[in-house]
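Biologist: I'm new to reading protein models. Could you walk me through one, feature by feature?

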Amino acid sequence: MNKPAESTNPFRETEAGARQRRLESRVRLALAGLTLLLILPLVAILVHLGVEAWPALRWSLLVESPRNGMRDGGLWPAFVGTLYLVGLSLVVATPVGVAAAVYLHEYARDSWVNRIIQMAVINLAGVPSIVHALFGLGAFVYGARLGYSVLAASLTLAVMTLPVIITSTRESLAAVPASFREACWNVGATRWQTLRAVVLPNALPGILTGVILQVSRAAGETAPILFTGAVFFKSVTPGDLFAYRLDEQCMALAMHLYTLSTQVPGVRPALPAATAVVLLGVVLLVNAAAILVRSRTRSHRRW
Amino acid sequence: MKPRSLLPSRWRSRWIRCSETLIEAWIRISGFSSVFLVLAILFFIFREAFPVLSRPGFSLTEFLGSVEWYPTSAQRVRYGALGLLVGTASVTGVSLLISVPAGLGAAIFLSEFCTGRTRETLKVVIELLAAIPSVVWGFIGLTVMSQVLRWATPAAVGVNLLNGALILSLMSLPVIVSLTEDALRSVPDAHREAAEALGATRWQLTWRVLLPGARHGILAAVLLGTGRAVGETMAVLMATGNAVNLPTSLLDPVRTLTANIAAELGEAPAGSEHYRVLFLTGVLLFGITLVINLLAEWLVRGGRKGR
């Protein structure tokens, strides 16, 4: 009598509602499983690589030259070569990429010009890396007569990584509020003055992120440098930072991993694994830096 | 206090105007750099490939219709790229069978079913997954995955179609996940709120509202994942076994267009017929990815316009 009947409780779960809830939890579980499926192999592979590489991971690996037909010794020439390639491609791609993004976002008014450039950027990003290699061979090695050289390889890398810089710079420019620009124009500044004083400083962290991602991409690429300037082996003084000239070929970490694992017979398995771990370490560290820059600016943003 | 300059003010203003003009010219020129570069890529690979089309021993129908790829044969050199095309198509197709369901599932989970710290962590992991260089993936295929496959399947060699497809699916997953997530996020909040107000559960909301609303973006994500898989070079070079043939099972070795260029360009003397045919396969690759990318761009644009 004083207990309410079950059927009158308005919050009681209906049959259909319970079915929905069960379906919902099952779907959630399945989706979480799919996501785990994505991450678990990665973790397993990384752990396996680490274990495999452990016997060869010594400090001497970084600072020595390869010896005994690359079966022993370290990675120094490849490491310096990667620094050269990445640094040079950065020097070429950053000014062009940032300026291109500024044009795209701040200058281009005609929508069809904008659209054509946009499409070109997307396609440039989508061109396969081996086609970039063909382009580098045809344009820089033979066309511009640079020969197989550090210069030709880094120019090829610069072309390939340009879209990375353009896209991220453009996004960070878009994140600067239009009212900032208008305020600056209203006190009589020209377009370039506005850019230099207001827009670029505010967009700097985003631009930096793009540049860092470019570094990571350039450091890991193999195909574009395979036929433009990377070489299997080159003897340099261990510890020498200025080991290469721009008109000669160089070694590179990514290329070295490819060579070690497919072209050199009788390598103990720890050595290529250790090379992979070093390359992976470089790339992931650089990416972590990009993530850090981004999350810091997100929490420090003043608008 | 007035700001002082070393130059008289008339000169100073002229200097400012001059440098500004120069900088703006640089910005304008750079603005068209990507257009210029795409055309330059097209020009240079065509320039190297074109002379072969008029060579007497070369026929385009053989190039596109034959599986006989013997570029260095002593008796009769044959350039039939069909085997390479089929290789690319089969590896890409099998990898999509894995990466599309997994990628969509992960993207839905990321954007609709988890929040806060889990979400941020997962996004970082996916970003790092995208950063792993292709040569490292190739190395993984060559060593880890091939051992797994030899243990799990009756395959005699571990480097084959399935290995390449598994590696490729792991590589294109981050692209598919992040772009699909963007597409789901771009469905207007009003649609979301309307569904929730009607009492829809998360899953009903996803299935009936978000997926149909984001279908253009999702298709574009799948296409861009396909583009990435088609263009991937080092990973497939090291993981697929590199034998030119028409695969009849998942455990057959294959060779893709990209891997073929990477494997043979080093041995083809510059200007030779073989060298030019390799550039021709480059033109083919460029064409395929161009179509895929334009299609994806058109879909994204169409999706935005339809709203």
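**Where the chains meet**

Modeller: Let's start with the contact, which takes 67 residues from chain B and 69 residues from chain A. Two residues are in contact if their C-beta atoms, placed from the backbone, lie within 7 Å. On the side of chain B that touches chain A, the largest share, 11 residues, comes from helix 2 (residues 33-49) of chain B. Sorted by class, that side of chain B has 44 nonpolar, 15 polar and eight charged residues. Here Ala, Val, Leu, Ile, Met, Phe, Trp, Tyr, Cys and Pro count as nonpolar, Asp, Glu, Lys and Arg as charged, and the others, Gly among them, as polar.

Biologist: Before we go on, how should I treat the model and its labels?

Modeller: This is a predicted model, in which local features need pLDDT of at least 70 and side-chain atom pairs count only at pLDDT 80 or more, while totals for chains, interfaces and linings use all residues. Residues are numbered from 1 along each chain as its sequence is written, and chains are lettered from A and ligands numbered from 1 in the order in which they are written. Helices (H or I, at least four residues) and strands (E, at least two) are DSSP runs, numbered from the N terminus.

Biologist: What is the general idea behind a nonpolar core?

Modeller: In soluble globular proteins, nonpolar side chains tend to be buried together. A nonpolar core is a set of buried Ala, Val, Leu, Ile, Met, Phe, Trp, Tyr and Cys residues joined through C-beta atoms within 7 Å. A residue is buried if 20 or more other C-beta atoms lie within 10 Å of its own, exposed if 12 or fewer, and partly exposed in between, with C-beta atoms placed from the backbone.

Biologist: Which residues have the most contacts inside the largest nonpolar core?

Modeller: They are Ala252(A), Leu279(A) and Ile167(B), in a core of 182 residues. The largest share of this core, 17 residues, comes from helix 3 (residues 76-107) of chain A. Leaving aside neighbours within four places in sequence, Ile167(B) is in contact with Trp137(B), Ile140(B), Gly141(B), Met145(B), Ala235(B) and Ala239(B).

Biologist: Is Val102(A) buried or exposed?

Modeller: Val102(A) counts as buried, because it has 28 C-beta neighbours inside 10 Å. Val102(A) sits in helix 3 of chain A. Not counting residues up to four places away in sequence, Val102(A) touches Tyr107(A), Leu173(A), Leu195(A) and Ile27(B). Leu285(A) is found in helix 11 of chain A.

Biologist: How do I read two helices packing together?

Modeller: Axes are lines fitted to C-alpha atoms, for helices over the stretch in contact, and angles run from 0 to 180 degrees between N-to-C directions. Angles under 35 degrees count as roughly parallel, over 145 as roughly antiparallel, 65 to 115 as roughly perpendicular and the rest as oblique. Now try helix 7 (residues 161-185) of chain B. Helix 7 of chain B packs with helix 10 (residues 215-231) of chain B at an angle of about 155°, with axes 8 Å apart. That makes helix 7 of chain B roughly antiparallel to helix 10 of chain B. The residues of this contact divide into 12 nonpolar, four polar and two charged.

Biologist: And what about a pair in chain A?

Modeller: The axes of helix 1 (residues 15-53) of chain A and helix 11 (residues 270-300) of chain A come within 8 Å and cross at roughly 125°. So helix 1 of chain A is oblique to helix 11 of chain A. Leu49(A), Gly50(A), Glu52(A) and Ala53(A) of helix 1 meet Ala270(A), Ala273(A), Ala274(A), Ala276(A) and Val277(A) of helix 11. By class, the contact has seven nonpolar, one polar and one charged residue.

Biologist: What does phi tell me?

Modeller: Most residues other than glycine have a negative phi. Arg145(A) has a positive phi of about 55° although it is not a glycine. Arg145(A) lies in the loop between helix 5 (129-143) and helix 6 (150-174) of chain A, and is exposed, with 8 other C-beta atoms within 10 Å. Asn242(B) also has a positive phi, near 60°. Asn242(B) is found in the loop between helix 11 (234-239) and helix 12 of chain B, but Asn242(B) is buried, with 20 other C-beta atoms within 10 Å.
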